[in-house]
Amino acid sequence: MLSKRIIPCLDVRNGRLTKGVKFVGNVDIGDPVESARIYYEEGADEIVFYDITASHEGRMAFLDVVNEVASKIFIPFSVGGGINTVEDMRACLLAGAEKVSVNSGAVKNPDIISQGAAAFGSQAIVLGMDVLKVPVSEAIPCGYEIVIHGGRTHTGLDALDWARTGEALGAGEICLNSIDADGTKEGYELTLTRMISDAVTIPVIASGGAGNPDHMVDALTQGRASAALIASIVHYGTYTIRQLKEHIAGRGVKVRQVW
Amino acid sequence: MLAILDYKAGNQTSVKRALDHLGIPNAITNDPSAIATARGLIFPGVGAAGQAMGELQATGLDHLIREMVQADKPLLGICVGCQILLSYSQENNTKALDIIPGECVLFNSAWTDETGAPIRVPHMGWNRVALQAPCPLFEGIAPESEFYFVHSYYPNPKAEYVIGTTTYGQPFCSVHGGPGLWAVQFHPEKSGRPGLKLLKNFWEYCLEDRRAV
């Protein structure tokens, strides 16, 4: 029986974590490689790195990080942020990532999904979707719109329609981030998560809003997500990944507990 | 050393990194003499069966793999490398290496999971392996350990070659082969400690194998 996945997400700028990660003893670690290694040891099922660098130098530093992570942790990891071309994808995959996540790059040029899937296989291509709740309209019949630039720019794309398009173009997975829930710690956007999970046959990763392990249980059961993305709930040392998994397993959701 | 067969498979560098981490001498190569003198072979693979067979034929590795298996050189197939050891794959309607009798078939999306929902394809994530026969690759690995899978097709060899099964909607064969010729559907190079242990067990088997050079 397939386990639900717990995936910490690390934001990287110029090769360093944007916010330090606190582990036992509240030691603040700004090194993404060391943080990833500790999460690997703690039982993370996968890790996501998100590069928020704008400069070329920062990008090179990020690829160095990817390369080093790949030689130290032996679970899958994906990278996202600023991936706009097949060459961007190739650079990340050659550096050792299993998957690349395309977000605004796919909104601007949807063909990048099919090009990436043809070049590297669907399993390597994650469609990242940033979603905002909006009034139901003719253009946005599902009531959720795709936004880019951290939610500042509306695209006019209906989220449900975009998820199906992404799947048809060859995305192997969807990482679904609710801009409304992100940072609230009040739980994932369950209506959205369930709607998208039911509309596609590829796995959906729920993202945005995790404040406690019950929120994760809700996303994985009611939301029918295959995986839950987490950030501050583990970065600030509130919970370890093992504690989260013990709680989630106690609620009857199968997660990997031996590693 | 272990030879990682070089036919541009997507995960060959990941396999190399895992072996390097374990301190196991290895090389990514398609050089026949390096392959012939290696203690054992790793046959990696990510992507589609048709493309993989095409690359193998283009490099002549298809014949070389058959020769090496005939000569009892230990071999470990991973993912697509596990699938195309069989006779045939439904993926791209591919005539495969035919080293182990059987075929590779697409997951049936009418199968349902424990909640009654249709299974999602690909089968992506962590799952267990239930051993149906003893296998030295799994020595020292706790039975509740999980391995990382990502695939839409699964191996379906002749029953006597089934070593381990995994349940996704229904049980399917996730480890097959026989002594010294093994194939795993999951990615040991991405399965944390249990996966690394499996690679180490393979290397130790190769070292003990007196037939190898």
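1. The largest cavity holds about 60 Å³ of space, a volume being the space filled by probe spheres set on the points, with grid points joined across faces, edges and corners.

2. The lining of the largest cavity consists of A:Y40, A:E41, A:A44, A:I75, A:R256, A:W259, B:G192 and B:R193, lining residues being those with an atom within 4 Å of a point. Both α1 (32-42) of chain A and α6 (192-208) of chain B supply at least two residues of this lining; helices here are DSSP runs of H or I with at least four residues, strands are runs of E with at least two, and both are numbered from the N terminus. By class, the lining has four nonpolar, one polar and three charged residues, with Ala, Val, Leu, Ile, Met, Phe, Trp, Tyr, Cys and Pro taken as nonpolar, Asp, Glu, Lys and Arg as charged, and the others, Gly among them, as polar.

3. Strand β13 (residues 227-230) of chain A is covered on both faces, with A:A227 and A:L229 buried on one side and A:A228 and A:I230 buried on the other; buried means under 20% relative accessible area (1.4 Å probe, protein chains only). In a regular strand the side chains alternate between the two faces of the sheet.

4. β13(A) pairs in the parallel sense with strand β1 (residues 5-13) of chain A over four bridges, and A:P8 stands opposite A:I230; two strands pair if DSSP finds at least two bridges between them. Strand β12 (residues 204-207) of chain A also pairs with β13(A) in the parallel sense, over two bridges, with A:A206 opposite A:A228.

5. In chain B, four strands form an open sheet of mixed pairing in the order β6-β5-β7-β11. Its edge strands, β6 (94-95) and β11 (153-157) of chain B, each pair on one side only. Within this sheet, β5 (residues 88-89) and β7 (residues 102-106) of chain B run parallel and are joined by two bridges, B:Y88 having B:E103 as its bridge partner in β7(B).

6. On confidence, the model scores ipTM 0.94 and pTM 0.95. Chain B averages a pLDDT of 94, and 97% of the residues score at least 70, pLDDT being the predictor's confidence in each residue, from 0 to 100.

7. Residues are numbered from 1 along each chain as its sequence is written, and chains are lettered from A and ligands numbered from 1 in the order in which they are written. As this is a predicted model, local features need pLDDT of at least 70 and side-chain atom pairs count only at pLDDT 80 or more, while totals for chains, interfaces and linings use all residues, and side-chain values use heavy atoms, with hydrogens and water left out.

Conventions. On a 1 Å grid over the protein atoms alone, a cavity is a set of points where a 1.4 Å probe fits but cannot get out, and a pocket is an open set with protein on both sides within 12 Å along at least five of seven lines; lining residues have an atom within 4 Å of a point. Buried means under 20% relative accessible area, exposed over 50%, partly exposed in between (1.4 Å probe, protein chains only).
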